[in-house]
Amino acid sequence: MRAAIGILIFAAVAVAVGILGAIAFQGLNPSLSLAVLIFAAGMGVWASVGSRTAQVPDAPPLRTWAVAAMGTIFGFAAIRAFFWLIYREGDSIMILSPYNLGDLALHIALIRYFASGVSFWPESPILADSPLVYPVGMDFFNSLLLLVGVPLEQGLVWCGLAGSALTAWALWRWAGAFGLAAFLFTGGLTGFAFFTGDWSMRDFGKDAEWKNAFLTLFVTQRNFLFAFPAGLLLLIHWRRLLRLGQPVLPFGVALVLYATMPVFSVHAFLFLSACLVGVFLGVTSWDLRRQLFIFGISALLPATFAIALVTGGLSSSGDIRWHPGWMQDDASWTFWIWNFGLMLPVWGIAIWQIARAKDRADLALAIPATAMFLACTVIAFAPWAWDNTKIMIWSWLTMAPFIWKWVVVPLPVAARAAICVVLFFTGAVSLVAGLDGRHGYRLASRSELLDAAALIADIPAEVRFATSPDYAHPLLMLGRKVAIGYPGHLWSHGLDYQDREAALTRLMMGEPSWHDDARALKVDYLFWGIREARKFSSSSMDWMPDASEGNATGQLIPLRPVPLAK
């Protein structure tokens, strides 16, 4: 417990203090990063020592065969997913999961972007004249590590493994073996197609909307490496307040984990805030309510500041909209059966049983979890409604111990096994198939990155380039700002990019208005390489010498007599 608390506080403080330091000193540098990490490490040790009495008396037994089995599976899955998160085959930089192609490229871009020394709070590196609207927590943390000498690839791998260990520990503390399975094996009924085909292991859930959370959220959305263990630890803390009236975490530790959560995951913060309201109403002691009220008030200012940072001053708040049916669209009601299978029925039974027993403590968390899940079926909390899964997974994990306690445990052993098979079979098949050793997808070329790095070595970090809008463009992956990034990222981040995309196209096509378009996009250089030659193959590039064919190294064409950046 103490080690987990120390590591989580170390990460939270490093990111919070590092961002404030970067704002104060107009960017990150190695000296600042080292000072921040040393300070954060000290705070982590302080929190660990101060939490020496933190105990969870009702923690599930560690040595049961079920916990041992699920812990082993989790360990193998984490090792496979993160040791092969990014690796090299000859000149190619490879990744394991197809779900992670666009996501990992953006994470690498942000890590190197922050480490380049750009002014803070920075502009978006993927859209000209726009603020950065993204929860940057884990990527910022890796930037600190990069600046003190930890290679980027190693930092990604070891943060992934550390986050996996903390998440597995927190899931065990929260819901035992059933909680570990609920996380590793999310899925509906699609996996049972395994028995109707050629008996080959495939990710049958890839075309469903409720997919395997380990593959599609935990590995791809790096901020969950912090958000899951920190959020689950807060839930454990609040459950003990409800049950015993005693805290697990010191006030300051809980406050840091909760108030810094928006920098890592706004979705997790929204969910935890709903649970905090439930806990406030669920406790029977007025003294505990007073403490929770003080806790909420104390977190209000730093959490609001964090939300304002990662949403561009709430500029992307309009992404929340009425969207009944979640991802159902024109599908029939069978959409819910194939996606969720037995999950929704056992969820409903658990709520009914808790309400009938009038268990105030369990209701205080089960009701907010259910309300947030139902809200996700009628409200889109992001431009892409699928992103609601970032809240729905919290609802599911929060309900896991209650489903086990109120629905599964009272049944005979055979019935328990049957329910677990139906709940988890699809997710288990997807996990095995998703971590298959035959996978491997090319993300980038090492030689292309090295050539591009040499080409821009003497150009300031603040300069913005006109390039092809490719998620794995070498300049973007080197941490440089581009006029327009990958449209899928721009749309999912709620950025209005269509006009600037049209301006970029006119510029790259060499149309007569290119001077005005370059000025509007605030670009100083145009990069022309094989990606640009392929994307804009019919361009009339008369005004750029030898740029019409492109080459692997690429060319830089100045667009201004005097670059904008100093």
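Tutor: The structure holds 6 cavities of 30 Å³ or more. A cavity is here a set of points, on a 1 Å grid over the protein atoms alone, where a 1.4 Å probe fits but cannot get out; points are joined across faces, edges and corners, and the volume is the space filled by probe spheres set on them. This is a predicted model, in which local features need pLDDT of at least 70 and side-chain atom pairs count only at pLDDT 80 or more, while totals for chains, interfaces and linings use all residues. Residues are numbered from 1 along each chain as its sequence is written, and side-chain values use heavy atoms, with hydrogens and water left out.

The largest cavity contains about 70 Å³ of space. Its lining, meaning residues with an atom within 4 Å of a point, consists of A81, W84, L85, I95, L96, S97, N100, L215, V219, G434 and L435. Of these residues, 8 are nonpolar, 3 are polar and none is charged; the nonpolar class is Ala, Val, Leu, Ile, Met, Phe, Trp, Tyr, Cys and Pro, the charged class is Asp, Glu, Lys and Arg, and the others, Gly among them, are polar.

The largest nonpolar core has 205 residues, and those with the most contacts inside it are F214, F226, W238, L257, W394, W396 and I403. Such a core is a set of buried Ala, Val, Leu, Ile, Met, Phe, Trp, Tyr and Cys residues joined through side-chain atoms within 4.5 Å, where buried means under 20% relative accessible area, exposed over 50% and partly exposed in between (1.4 Å probe, protein chains only). Helix 6 (residues 152-184) supplies the largest share of this core, 20 residues; helices are DSSP runs of H or I with at least four residues, strands are runs of E with at least two, and both are numbered from the N terminus. L257 touches L8, I9, F226, A230, L233, L234 and L249, residues up to four places away in sequence not being counted, with contact meaning heavy atoms within 4.5 Å.

Turning to the backbone, a cis peptide bond with omega of about -10° joins F120 and W121, and W121 is placed in the loop between helix 4 (101-115) and helix 5 (137-147). Q26, in the loop between helix 1 (2-24) and helix 2 (30-50), has a positive phi near 60°. K522 likewise has a positive phi, about 55°, and lies in the loop between helix 22 (514-521) and strand 8 (525-528). Most residues other than glycine have a negative phi, and most peptide bonds are trans.

Technical notes
1 Å grid on protein atoms, 1.4 Å probe; cavity = no way out; pocket = protein on both sides within 12 Å on 5 of 7 lines; lining within 4 Å.
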